[in-house]
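Subject: Structure handover

Hello,

Here is the structure I promised to pass on to you. Have a look at it first, and then read on for what turned up.

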Amino acid sequence: MTLETTELRLPSRIEAVSEAAAAVSEFMSRLGIDESVAFGVDMAVREAVTNAVLHGNKLDEAKVVDLKLRNSPEAFEIIVHDQGVGFNPNDIPDPTKEENILKTSGRGIFFMRNFMDAVDWSADPKGGTIVRMMKKL
Amino acid sequence: MAELNISERQAGDVTILDMDGKITIGEGSVALRSAVRRLLEEGKKKILLNLARVGYIDSSGIGELVSSYTAINKDGGQLKLLNLTQKLQDLLTITKLLTVFDVYENEAEALDSFK
């Protein structure tokens, strides 16, 4: 298996979401990742980049989102780094609880956790939030 | 080409929106919201969303479906879903929204359910 790394710097615009998804889709097709797995990864990436652009960088065009994709023999890893003030993912309520089912937002992190094998958030000491997502191959 | 194309048909007092494309953050979600709001303004409160050709939806699109559902209900109307793709059905299942929406696989049955 070829080990690859792709890095992309994205603007803080909604269009960055499909740009990121296209890069991930290309990467996954080079790795020969199964379509059913690719669907979930695509969804998780879109949600992570949406959060970075919208909630992290708050659409501030002076800020960027860095996307890093890399594979190993065991896994595919996606890192999304924004320049926002950060947040605690555990503060996001469970969207499947009865009182939250009819809420119009708050499902992005749920999808990321659902479709990836591991998702973790950390604060970059230099600023911003780093989301690391891993899918086993 | 637009991210989401919506065409409208009328079957009695039910308005069917045939949707083709993606319901995702930005253009797709906005197109759905605008279409539903316009119908409500026109007094069309029985709405059937035909999602057969919606290949992709994200959390924003799902939020927009929920928002449309609550807006129509609040106005005394009904929103029902027709022809979910397997992927959309899976997403509505894991979010437990399949228990909220009235979902049909057959247009005639869906139209009957409004009576």
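**What was found**

Setting aside neighbours within four places in sequence, Ile57(B) is in contact with Ile23(B), Thr24(B), Ile62(B), Leu88(B) and Leu91(B). Please keep in mind as you read that this is a predicted model.

Ile57(B) also turns up in the largest nonpolar core, which has 32 residues. Together with Ile47(B), Leu48(B), Leu49(B), Leu51(B) and Leu88(B), Ile57(B) touches the most other members of that core. Two or more residues come from each of strand S2 (14-23), helix H1 (27-41), strand S3 (46-57), helix H2 (59-74), strand S4 (78-82) and helix H3 (86-94) of chain B. The most come from S3(B), which gives 7 residues. Apart from this core lies another, of 30 residues, and Val65(A), Leu69(A), Phe76(A) and Val131(A) are among them. As background, nonpolar side chains tend to be buried together in soluble globular proteins.

Now for chain B as a whole. Its secondary structure comes to 4 helices and 5 strands, and the pattern read along the sequence is β-β-α-β-α-β-α-β-α. A compact globule with 115 residues would have a radius of gyration near 13 Å, and the 13 Å of chain B agrees with that. The C-alpha trace of chain B spans about 30 × 25 × 25 Å along its principal axes. Of the 115 residues in chain B, 43% are buried. Among contacts in chain B with a separation of 6 or more, 70% are between residues 24 or more positions apart.

How do the two chains meet? On the chain A side, 17 residues are in contact with 15 residues of chain B. Helix H2 (35-56) and helix H3 (108-115) of chain A are the elements that give two or more residues to that side, and H2(A) gives the most, with 5 residues. By class, the side of chain A that touches chain B has 8 nonpolar, 6 polar and 3 charged residues.

Lys103(A) and Glu35(A) are 68 residues apart along the chain, and their C-alpha atoms are separated by 30 Å.

Best wishes

How values were computed: Residues are numbered from 1 along each chain as its sequence is written. Chains are lettered from A and ligands numbered from 1 in the order in which they are written. This is a predicted model: local features need pLDDT of at least 70, side-chain atom pairs count only at pLDDT 80 or more; totals for chains, interfaces and linings use all residues. Two residues are in contact if their C-beta atoms, placed from the backbone, lie within 7 Å. Ala, Val, Leu, Ile, Met, Phe, Trp, Tyr, Cys and Pro count as nonpolar, Asp, Glu, Lys and Arg as charged, and the others, Gly among them, as polar. A nonpolar core is a set of buried Ala, Val, Leu, Ile, Met, Phe, Trp, Tyr and Cys residues joined through C-beta atoms within 7 Å. A residue is buried if 20 or more other C-beta atoms lie within 10 Å of its own, exposed if 12 or fewer, and partly exposed in between; C-beta atoms are placed from the backbone. The radius of gyration is taken over C-alpha atoms; the globule rule is 2.2 Å times the number of residues to the power 0.38.
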